Amino acid sequence: MSHIGSESNPLRVAIVGAGPAGFYTAEHLFKNRDLVIEIDMYDRLPTPFGLVRAGVAPDHQKIKSVTRVFTKTAENPRFRFFGNVEFGKHLKLADMQAHYHAIVFTTGAQTDRRLNIPGIDLKNSHAATEFVAWYNGHPDYRHLEFDLTQERVAVIGVGNVAVDVARILCRTPEELAQTDIADYALEALRHSRVKEVYMLGRRGPAQAAFTPPEVKELGELADADVYVPPEEAKLDPLSEASLADSADRGTMRKVEIVQSFAGRQPTGKSRRLVLRFLVSPVALIGDENGRVRAMRLVKNELYATEAGTLRPRPTDQYETLDVGLVFRSIGYRGVPLPDVPFNDQWGVILNEKGRVLDPETQQPIPGLYTAGWIKRGPSGVIGTNKPDALETVECLLADVKNGRLLTPANPDAGAILQLVQTRQPYYCTFADWQRLDEMEIRRGQEIGRPRLKFTSVEEMLKALGKM
Amino acid sequence: MKVSSILATKGTDIISIRPEQQIREAIQLLTRHNIGALVVVDENGRLAGIISERDIIRKAAETEALFSLPISAVMTRHVITGMPQDDLMSVANTMTERRFRHLPITDGERLVGMISIGDVLKAQRDKFRGEIDTLETQLMADDE
């Protein structure tokens, strides 16, 4: 047989997970001019784009414009999308190994990191990621219910996800109606009685993970006043010294914005958003029905580690914050995939620079790769996955040269298509997605919204005439 | 970005050596794994020091008997360590300012990996590249 990557024997690659990391992997592979490469991308949802669709906040439409770049990749004639096909369920690792030279896992980080404090599993304590997936219309989360009759809410964390959750809770129905938020979420939030939202950061404003534009936006909400206790907005001497030392403009801007909130007087808006710093929840307190009624907080102080990071440590000062609803947003974590080695310590697929490793030998398993959050853990912005995917693709292409890929029994595009059709007759193609996309936009336009999402798989299949 | 995201793509093997082993073995390990330093661990797996190319060169300038010396005679004993939760930016700053190129990472008592200044620079470069790419994509969307 001719060499791998020729017209008669194309390099066949499966990508599992149709989010940014998956699309950047495909983009980098297609940039290679020496090899003929065919890519099949799988996703367990009928729709592509991962967290761009189900994670990026509905009032941040501009960030979602990156899907145009992904669509360009998908329009390559050597690219196929198989949506609604789940790895491990419809197709097992062995099935893929029999049909592809290489398999790249880009499934992201689907769950939240756990916060181990008493009461964390009380009713009305949720992972922020679930709330995000719910308001974005992710089919797996549409049935969740959040008790928006509560007036006081705490969001644990000060990253951009925490900011998203707090902002969505503070938006007016009119503001939300201009977004592509799921229709049921819009309806639920229309009746929200939330009055006060607290965002809680363990460290100070200089160490908060949110970025300047995100925090600035909190000061521009139509019907919510933002406030920071002045003593918590002020930098401690260690942070001040470290900031002066690094002269990092992004951090300086962030601190400036937070400090500008500290002086603000209430302007009579109906909601209030309070940013708190240097506090950690130590326990959630429940009522007689097992629902959150309050949160115990400890005041922190910062100390410098040997390596120069400023870390929080608890003092002996405590306070109680009355809240009836809690969202935990302290980071995402990857979920193991069936038959794929996992590194439990970091919550990622066990890998070196994107090559999946055998846990016994710590040597690469031929043909298995990973990119994105399931490779390095959750960090960075959407674009951070591009250099990350490049590193993986470079390893993969080096392995093509050295003959270290899989030798599939049946590397034929038709054969795997047949198998998919047998295992999951309701699979969706990229053309199917483009039809759904058009329908969603049209349905939205009819009611003056950018898009009205389909939020259940059944609804999508029906709209496509598959059911 | 945290130190843990660098460790996440480095497998779980930590290339280490014992204080009583010889320098020639250290050189072999450094060459085989194409790295610039080894962590030195005692019989209980606890961090005893670090031995770098630079430590070895320095000793080579002093004595011809270098190869058979024990690691303990050459290693740096006072080691600055990092934690998985350390911020990449502050680690980069500390490594540059204090002029060391390898940082063992510990989680409590346990050694969990080692990062080099090269790893840190690459992570920073990728972070910036990613941010630039995302901003460019949004600017292009504005144009349309």
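Before anything else, a note to myself: helices (H or I, at least four residues) and strands (E, at least two) are DSSP runs, numbered from the N terminus. I am working on a predicted model, where local features need pLDDT of at least 70, side-chain atom pairs count only at pLDDT 80 or more, and totals for chains, interfaces and linings use all residues. Residues are numbered from 1 along each chain as its sequence is written, while chains are lettered from A and ligands numbered from 1 in the order in which they are written.

**Chain B, the sheet and its helix**

I began with the open sheet of chain B, where 3 strands follow the order E1-E2-E3 with mixed pairing (to pair, two strands need at least two DSSP bridges between them). Strand E1 (16-17) and strand E3 (47-52) of chain B are the edges, each pairing on one side only. Strand E2 (residues 37-41) of chain B is antiparallel to E3(B), with 5 bridges between them. I checked one position and found Leu38(B) opposite Ile51(B) in E3(B).

Next I asked which strands helix H3 (residues 53-60) of chain B lies across. The strands are E2 and E3 of chain B, and H3(B) runs at about 70° to E3(B) (axes are lines fitted to C-alpha atoms, for helices over the stretch in contact, and angles run from 0 to 180 degrees between N-to-C directions).

**Chain B, the hairpin**

Strand E4 (residues 102-107) and strand E5 (residues 110-116) of chain B run antiparallel and share 6 bridges. Thr106(B) has Leu111(B) in E5(B) as its bridge partner. The hairpin has 2 residues between the strands, and I noted that Gly108(B) takes a positive phi near 65° there.

**Where B touches A**

I count 34 residues of chain B in contact with 34 residues of chain A (contact puts the C-beta atoms, placed from the backbone, within 7 Å). On the chain B side, helix H1 (4-7), helix H4 (88-97) and helix H5 (117-143) each supply at least two residues. H5(B) gives the largest share, 10 residues.

**Chain A, domains**

Chain A is split into domain 1 (11-110 + 334-428) and domain 2 (113-331), with bounds from an automatic or database assignment. Their C-alpha centres lie 33 Å apart. I find 8 residues of domain 1 in contact with 14 of domain 2. The domain 1 side holds 5 nonpolar, 1 polar and 2 charged residues.

**Chain A, a helix pair**

How do helix H5 (residues 128-135) and helix H6 (residues 160-170) of chain A cross? Their axes come within 10 Å and cross at roughly 55°, so H5(A) and H6(A) are oblique to each other (under 35 degrees is roughly parallel, over 145 roughly antiparallel, 65 to 115 roughly perpendicular, the rest oblique). Ala128(A), Phe131(A), Val132(A) and Tyr135(A) in H5(A) meet Val161(A), Ala162(A), Asp164(A), Val165(A) and Ile168(A) in H6(A). I sorted these contact residues into 8 nonpolar, no polar and 1 charged.

**Chain A, a sheet**

My last stop was the open antiparallel sheet of 3 strands in the order E11-E12-E13 (chain A). Strand E11 (279-286) and strand E13 (310-322) of chain A are at the edges. The twist averages 20° from one strand to the next. I counted 7 bridges between E11(A) and strand E12 (residues 292-304) of chain A, and Gly286(A) stands opposite Val292(A) in E12(A).

Conventions:
Two residues are in contact if their C-beta atoms, placed from the backbone, lie within 7 Å. Ala, Val, Leu, Ile, Met, Phe, Trp, Tyr, Cys and Pro count as nonpolar, Asp, Glu, Lys and Arg as charged, and the others, Gly among them, as polar.
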